[in-house]
Amino acid sequence: MEEIETKWYVLHTYSGYEQVAKNNLEVVIKKYNLEDRIFDIVIPMEETVEEKNGKKKLVSRKLMPTYILVKMKYGDDLWHNITRTRGITGFAGPKGRPLPLTEDEIRKLHLEKVVVNVDIKPNDKIEVVDGPLNGFVGTVVSVEAGSQKCKALIEMFGRETSVDLDFSQIRKI
């Protein structure tokens with residue numbers, strides 16, 4: 001039997017049932033021993049700055065309501081297990097058949113971790129080039145090379161705010 005390639009697929013869910021569908025799919029994976037076929041389930045989220053009653057705060061919200069993303073080795077034998085899962089209405093694709101995401105779509109949705117070599121150290125000036133803080137400038141406080149993250153002080157709303165950033169979101173100035 002030839003090796004099936006691991007790809008990302010989009011599943012459609014009932015409105016507001018993204019977390020329920022994810023939890024139920026995790027149960028199906030355990031029940032039918034599919035751990036070697038289904039590897040990751042993601043509800044795409046984004047961090048945005050919202051203003052309410054004059055106060056601004058960072059909130060998480062669904063990037064694609066009614067959809068979850070699944071990384072798996074697809075086969076026709078999985079179709080029934082997945083589409084019969086409570087909360088899932090089917091695959092997003094022509095006639096409800098699975099259509100894998102392209103490399104470009106995977107990169108735009110930040111589904112795969114990209115290892116980025118950024119030569120930064122505490123007190124370096126950086127600019128945020130991706131995410132809700134795009135365009136903001138800050139100063140590096142600490143660097144965690146292993147997890148590809150840094151903590152920086154970003155000036156926003158008239159004061160410095162400590163934020164955690166991925167290396168892929170920044171560039172050294």
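**Exercise 1. How much space lies in the second largest pocket, and which residues line the second largest pocket?**

Solution. The model is predicted, so that local features need pLDDT of at least 70 and side-chain atom pairs count only at pLDDT 80 or more, while totals for chains, interfaces and linings use all residues. Residues are numbered from 1 along each chain as its sequence is written, and side-chain values use heavy atoms, with hydrogens and water left out.

Step 1: the second largest pocket holds about 160 Å³ of space. A pocket is an open set of points, on a 1 Å grid over the protein atoms alone, where a 1.4 Å probe fits, with protein on both sides within 12 Å along at least five of seven lines, and lining residues have an atom within 4 Å of a point; the volume is the space filled by probe spheres set on the points.

Step 2: the lining consists of V49, G54, K55, K56, K57, L58, M156, F157, R159 and T161. Two or more of these residues come from each of β4 (55-62) and β10, and β4 gives the most, with four residues. Strands here are DSSP runs of E with at least two residues, and helices are runs of H or I with at least four.

Step 3: by type, the lining of the second largest pocket has four nonpolar, two polar and four charged residues, where Asp, Glu, Lys and Arg count as charged, Ala, Val, Leu, Ile, Met, Phe, Trp, Tyr, Cys and Pro as nonpolar, and the others, Gly among them, as polar.

**Exercise 2. Describe the largest pocket and its lining.**

Solution. Step 1: the largest pocket holds about 1100 Å³ of space, and among its 36 lining residues L109, H110, K113, D166 and Q169 are the closest to its centre.

Step 1: at least two lining residues each come from β2 (38-42), β3 (45-52), α3 (103-108) and β10 (159-166), and the lining divides into 17 nonpolar, seven polar and twelve charged residues.
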